[in-house]
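Trainee: Please show me the model, and let us go through parts of it by question and answer.

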Amino acid sequence: MPWRPPYRCSKFRHVYGRTTSHGTYEAIPISSGVGGVHGCDVNPQFIAVVTEAGGGGAFIILPLSHHGRIDPLCPRVCGHRRSVLDVKWNPFNDYVIASCSEDATVCVWEIPEGGLRCNLTKPLCTLVGHVRRVSLIQWHPTASGLLFTAGYDNKVLLWCVEESSIPVRLIACHTDVVLSLSFNVDGSLFATSCRDRRLRVVDSRTGAVLQEKCCTNHRVNLVAFLGNLKRLVTTGVSQWNSRQLLLWDQEHLSEPLVKEEVDGLSGLLFPFYDADTRMLYVAGKGDGNIRYYELNEDKPFLVFLGEFRSPLPQKGLGTMPKRGLDVGACEVYRFYRVVITKSLIEPISMIVPRKSDIFQEDLYPKTASSEPALTAEQWLSGVNRSPVLVSLMKNYKPTVPMEPRPSPKGQKAIDVEQPDEKSLPATETELRRMVTCQRDEIRQLREKLAHRDLQLQQCELELQNQRNYQKPISPPGRNDSTYA
């Protein structure tokens with residue numbers, strides 16, 4: 001049996017989460033009635049957040065550059081008669097968003113360029129087909145204009161938004177409320193978790209159940225497809241009320257491949273999968289941390305990497321598409337945490353530390369673009385295609401160092417580094433240690449400066465001898481008397 005090291009080499013071992021205080025959105029009246037959904041969605045242009053509203057449901061649309069404190073009278077999207085439950089941006093149009101509500105309707109809205117300047121009350125279309133509240137909406141990942149909705153009437157409806165407001169397909173294979181819905185890469189299959197404790201893999205066109213598993217010892221809450229790995233990940237609760245993370249083979253749901261015990265808290269666990277880096281992020285509702293794992297095709301299938309911790313609990317999270325990340329800073333994922341206790345939205349950037357300033361091709365393979373691979377008619381006729389891929393090299397902007405301020409005439413420019421808050425000493429002992437280290441550095445610098453002055457004097461003496469006697473200068477190290 002070959003020897004294996006006790007550690008595992010991975011380029012994502014040192015991934016860390018970074019927050020920025022200047023990038024938060026503050027004073028947002030976040031809705032407290034959103035259930036198992038996030039109530040927030042992001043694209044490279046805008047951020048949408050479900051808010052509290054009297055006399056109906058509403059949500060706000062903010063440009064990403066609009067940081068800081070939000071005006072309480074800012075324009076809203078307010079066309080629903082009851083509370084809004086979920087919002088989703090169109091993956092192929094950054095100015096189109098869909099919303100679902102407790103009034104059993106789904107609305108599709110078009111946002112003007114630059115954001116809202118007044119309240120938006122007239123949607124592009126209103127989809128009426130559910131008889132009870134609509135809790136989930138999901139755009140098709142490859143075909144344009146296709147929208148899937150799930151409601152408390154135990155039905156999943158398929159809509160062709162661009163053509164009509166009548167559902168194209170009715171999928172009635174569930175016996176209870178659908179809790180989550182996730183597509184595979186080409187959108188030919190979707191997986192659902194249900195209140196009847198069953199995990200299903202369903203054909204997106206016909207609604208036929210291809211795989212089904214009744215989880216008796218594991219109550220499935222949320223499910224997510226894992227890209228091209230042909231696997232599923234579910235989060236839920238065990239029979240001892242401990243939160244679990246399970247990995248499944250999508251073609252054989254008899255037994256899970258991996259069963260990971262997380263902790264004993266009671267909040268939902270939201271799974272987020274990055275197919276480009278094969279990293280799985282797990283964030284708990286009511287928690288302040290985000291755990292991240294790396295997935296492999298062989299054993300071990302799931303490897304824990306680390307976690308981001310914060311004292312502020314999160315109610316939900318929005319995620320930025322890959323085409324909106326900061327490639328120059330080696331940002332591989334970005335969350336927007338919904339912190340209801342502070343009424344703010346806090347961005348979290350997941351960074352892979354790299355010293356090089358060139359484009360990191362291993363971190364950014366070709367990813368899904370904003371162009372659809374199919375039209376709605378082509379997909380409904382039975383055609384399957386993978387997403388249109390695009391390189392992120394065009395988004396690469398190297399980090400430019402700050403230029404020093406021009407110094408007055410006759411003075412040399414001195415580069416002064418501003419101290420970081422984390423580097424400041426916290427106790428008197430640390431302060432003394434820091435002062436001692438700085439004194440040692442100053443002494444070493446003075447010794448180096450004196451040595452350089454001595455070398456300069458020796459070079460000047462050799463140059464003077466050459467001019468007087470017109471003799472070539474011996475190479476350094478040959479004249480022992482000079483360097484004695």
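Trainee: In what order do the strands of the open sheet of four run?

Mentor: This is a predicted model, where local features need pLDDT of at least 70, side-chain atom pairs count only at pLDDT 80 or more, and totals for chains, interfaces and linings use all residues. Residues are numbered from 1 along each chain as its sequence is written, and side-chain values use heavy atoms, without hydrogens and water. Strands are DSSP runs (E, at least two residues) numbered from the N terminus, and two of them pair if DSSP finds at least two bridges between them. Here the pairing is antiparallel and the order is E8-E9-E10-E11.

Trainee: Which strands are at the edges?

Mentor: An edge strand pairs on one side only. That holds for strand E8 (84-90) and strand E11 (125-128).

Trainee: Which residue stands opposite Asn90?

Mentor: E8 pairs with strand E9 (residues 93-101) in the antiparallel sense, over six bridges. The residue in E9 opposite Asn90 is Asn93.

Trainee: Which residues touch the most other members of the largest nonpolar core?

Mentor: A nonpolar core is a set of buried Ala, Val, Leu, Ile, Met, Phe, Trp, Tyr and Cys residues joined through side-chain atoms within 4.5 Å. Buried means under 20% relative accessible area, exposed over 50%, and partly exposed in between (1.4 Å probe, protein chains only). Of the 26 residues in this core, those with the most such touches are Phe272, Tyr281, Phe335, Met350 and Tyr364.

Trainee: Is Glu361 buried or exposed?

Mentor: Glu361 lies in the loop between E30 and strand E31 (367-368). Because its relative accessible area is 56%, Glu361 counts as exposed.
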